[in-house]
Amino acid sequence: MTVDFFSHYTMTIDGKAADADKSIDAINPATEEVIASVPDASRDQLDSAVAAAKRAYPAWSARPVEERQALVSAIGDRIAEYAEDFKRLLIREQGKARAGAEWEIGGSIIWCHEIAKQRLDPEIVEQSDGRQVEVRKTPLGVVGGITPWNFPVLLAIWKIAPALLAGNTMVLKPSPYTPLCTLKLGEILRDVLPAGVLNVVSGGNDLGAWMTSHPDIRKISFTGSTVTGRKIMESASGNLKRITLELGGNDAAIVLPDVDVEAVAKELFWASFQNSAQFCVAAKRLYVHRDIYDQLSKALVDYATTVVVGDGSQQGTDLGPIQNKMQFEKLKDLLADARSSGLRFLLGGDIPDGKGYFVPITLIDNPPEDSRVVVEEAFGPVLPLLKFDDVDDVIRRANDSEYGLAGSVWSKDVAAARKIAERMETGTVWINEIHSFSPHIAFGGHKQSGIGIENALDGLSEYTNSQTIVVRDELNRTVPA
Ligand code: NAD
């Protein structure tokens, strides 16, 4: 099978290519050039996709789990076959640099292969003379997947692999800003999966809203902003859809005074700026103990000046542009606010002239705790460095957020760091490392960073209902109370 990744983008509905009357342009954020146009699905086309998924569901859910495991693993094999095309297209449409594309596509393959090893077997929870109580996990039906633009392939796989493995069928919608890799994923899987098992539709935010209110979709698995998450929760209430929401974050990194400053500076830099800080779990507020604040600030500035920001397709680029104009404008506004509020920039802050949505690496010196750069999720390379003296105070400040996605603590004293970690109101806390994800480690946000879990058996079970079967083997037997 030969697929041209760089032209002709079609949706996948019922195992076949589908175009649409209207289209949306895809833009390379490094050059602002239109690189492709993609179908803008109509409501009827969404209905067709959902109907196809519904038709495919009985046979798919009835297949032995081993067969579904093999097919989920085969998705990984197929991505691996086209890995280089995916990486090049991902760099073009998302803007990320080569290393980021390697991480995302490599991770997508690993996720398929590892999730394919998981299964949720029935559990006998009670067994007594002539009576047995069994709890089994049954699929839900048609699942809607809605993904954002920062990791379009990996975050789609985080949904596709467990949803299909559990026996559901799916309609998947990528962000209108990054539809290309996802549409090609649908295309290369047409001869891997039975028709209708995975439908990929593209369109704007309206298409997402039609999905969340669709009566034949039983669950929405969503990754994106908290604002959209709230809308989804509301609209999913129509037929009491199950929801998994992976939302925004404003993660704190807490750096204790005993760290090796030079060594930790580099780690903290990437903790904050990987994927140009368009990362839900980027360290977005850096709390540094007063004793090392000046030294660490300087080490961060020194390291940051060695990092190359540019077009991800060029060799030597470490970080790419902001993915889209909407986010670029948000960051410009945030920087203008920081300037007009008199905040001190240790580095960056000025948007360069020229093409591309480039925002320089920006470090802000100890801004007030209620300034916008501290309170808001920047979702771009603008990082506030904040001084602290006292552990209780820094924990209070770290937790003083509507978000609760993740956080990190950095110290040679692991016991002290762990005590801090236990008091953080976040779904994940890393100590002396960051951003270690695995298909077998549960991930999810506290507070307004989300509802539910992705990955691990907890994540898999979110694509199922529990069914309890109580069996008495003889009708006229007296069952002990
Ligand atoms: P977004 O909420 O704007 O869009 C995400 C998706 O939702 C897109 O596909 C979009 O078309 C769709 N959408 C928009 N309005 C909708 C509606 N009313 N109903 C249904 N769907 C709708 O988010 P984004 O800007 O693409 O992504 C950035 C956000 O995602 C950040 O806040 C980031 O922290 C978060 N994020 C979270 C995680 C996580 O795992 N927690 C991972 C990555 C990104």
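Visitor: What lies 2.7 Å from a polar side-chain atom of S225?
Guide: An oxygen atom of the ligand. That pair is a polar contact (N or O atoms within 3.5 Å). This is a predicted model, where local features need pLDDT of at least 70 and side-chain atom pairs count only at pLDDT 80 or more, while totals for chains, interfaces and linings use all residues. Residues are numbered from 1 along each chain as its sequence is written, and side-chain values use heavy atoms, with hydrogens and water left out.

Visitor: And E377, what does its polar side-chain atom lie 2.5 Å from?
Guide: Also an oxygen atom of the ligand.

Visitor: How many residues are around the ligand, and which come nearest?
Guide: There are 30, and N205, S225, T228, L247 and E377 come nearest. The cut-off is a heavy atom within 4 Å.

Visitor: Switching to helices. At what angle do α3 and α4 pack?
Guide: About 135 degrees, with the axes 9 Å apart; α3 covers residues 83–94 and α4 residues 98–115. Helices are DSSP runs of H or I with at least four residues. Axes are lines fitted to C-alpha atoms over the stretch in contact, and angles between N-to-C directions run from 0 to 180 degrees.

Visitor: Which residues make the contact?
Guide: From α3, A83, E84, F86, K87, R88, L90 and I91; from α4, R98, A101, E102, E104, I105 and I109. Contact means heavy atoms within 4.5 Å.

Visitor: How do they divide by class?
Guide: Seven nonpolar, no polar and six charged. Asp, Glu, Lys and Arg count as charged, Ala, Val, Leu, Ile, Met, Phe, Trp, Tyr, Cys and Pro as nonpolar, and the others, Gly among them, as polar.

Visitor: At what angle do α2 and α4 cross?
Guide: Roughly 155 degrees, and the axes of α2 (residues 65–81) and α4 come within 7 Å. The two are therefore roughly antiparallel.

Visitor: Which residues make that contact?
Guide: V72, S73, I75, G76, D77, I79 and A80 of α2 meet I105, S108, I109, C112 and H113 of α4. By class, that contact has seven nonpolar, four polar and one charged.

Definitions and conventions. Polar contact = N/O pair within 3.5 Å; in protein donor to acceptor, adjacent residues only side chain to side chain. Parallel < 35°, antiparallel > 145°, perpendicular 65-115°, else oblique.
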